[in-house]
Structures are given as C-alpha cells and as structure tokens.
Amino acid sequence: MKLTNLYPTMDKEARDSLAKAAGIDPGYLWQIATRWRGKKPSIDVIQRLAAADSRLTVGDLVAEFTARPTPKEPANV
C-alpha cells in the first residue's frame, strides 16, 4: 500500500503512533505522505515505516517514492 493512500485514512492518533513506531516525527510523516516540497524518505525510513505497519511494504514504498514522471515526447524541429 502507498503511504499517500494510507495516510488520509488514519486519524491523528494512528498517525502519531505510526510515526513513533517508525522513529520519526509526526510532522515529517506528514511531509513525506503529502510530498510537501518534494520530501521523500530515505531507504532507512522506508524500512522503518514498513516494519511499523504491515499494510506498508518496502517494495510499495520504494516504487511510490522513486516513481519517475513519464518522459515527454521530443519536439519536432
């Protein structure tokens, strides 16, 4: 499951609990879940989030935060 999908379904208590279990600040969890200013977690934080909540997997989180935009078609000159 993607963090961006899970986060909105959680209440404040659940968000705080997830952050605490992952060893991160609840504010930082919000930043990465909403991609505030392009924030992305390190692989260490990804592993800790996956360990803290069984709905999150390392594979899903890596895919979520390393997704690259689709390349644009080259302009015809």
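Me: Before looking at Leu29, what counts as a helix here, and which helix holds Leu29?
Reply: A helix is a DSSP run of H or I with at least four residues, and helices are numbered from the N terminus. In this predicted model, the run that covers residues 26-34 is helix 3, and the element in which Leu29 is found is helix 3.

Me: How many helices and how many strands are there in the protein?
Reply: Read from the N terminus on, the elements of the protein run α-α-α-α-α. The count for the protein is therefore zero strands and five helices.

Me: Is Leu29 buried or exposed?
Reply: A residue counts as buried when its relative accessible area is under 20%. Leu29 has a relative accessibility of 0%, and so Leu29 counts as buried.

Me: Which residues does Leu29 touch, if residues up to four places away in sequence are not counted?
Reply: A contact requires heavy atoms within 4.5 Å, and residues up to four places away in sequence from Leu29 are set aside.

Me: How are the axes of helix 2 and helix 4 placed, and which word describes their angle?
Reply: Two packed helices are described by the angle between their axes and the distance between the axes. The axes of helix 2, residues 12-22, and helix 4, residues 43-52, come within 8 Å and cross at roughly 120 degrees.

Me: Is Asp53 buried or exposed?
Reply: Asp53 is found in the loop between helix 4 and helix 5, where Asp53 touches Leu6 and Leu18, not counting residues up to four places away in sequence. Its relative accessibility is 10%, which is below the cut-off of 20%, so Asp53 counts as buried.

Me: Which residue's side chain does a polar contact join to the side chain of Asp53?
Reply: A polar contact needs a pair of N or O atoms within 3.5 Å. The side chain of Asp53 has such a contact, at 2.8 Å, and the partner is the side chain of Arg55.

Technical notes. Residues are numbered from 1 along each chain as its sequence is written. This is a predicted model: local features need pLDDT of at least 70, side-chain atom pairs count only at pLDDT 80 or more; totals for chains, interfaces and linings use all residues. Side-chain values use heavy atoms; hydrogens and water are left out. Axes are lines fitted to C-alpha atoms, for helices over the stretch in contact, and angles run from 0 to 180 degrees between N-to-C directions. Helices (H or I, at least four residues) and strands (E, at least two) are DSSP runs, numbered from the N terminus. Buried means under 20% relative accessible area, exposed over 50%, partly exposed in between (1.4 Å probe, protein chains only). A polar contact is a pair of N or O atoms within 3.5 Å; within protein, one must be able to donate a hydrogen and the other to accept it, and residues adjacent in sequence count only if both atoms are side-chain atoms.
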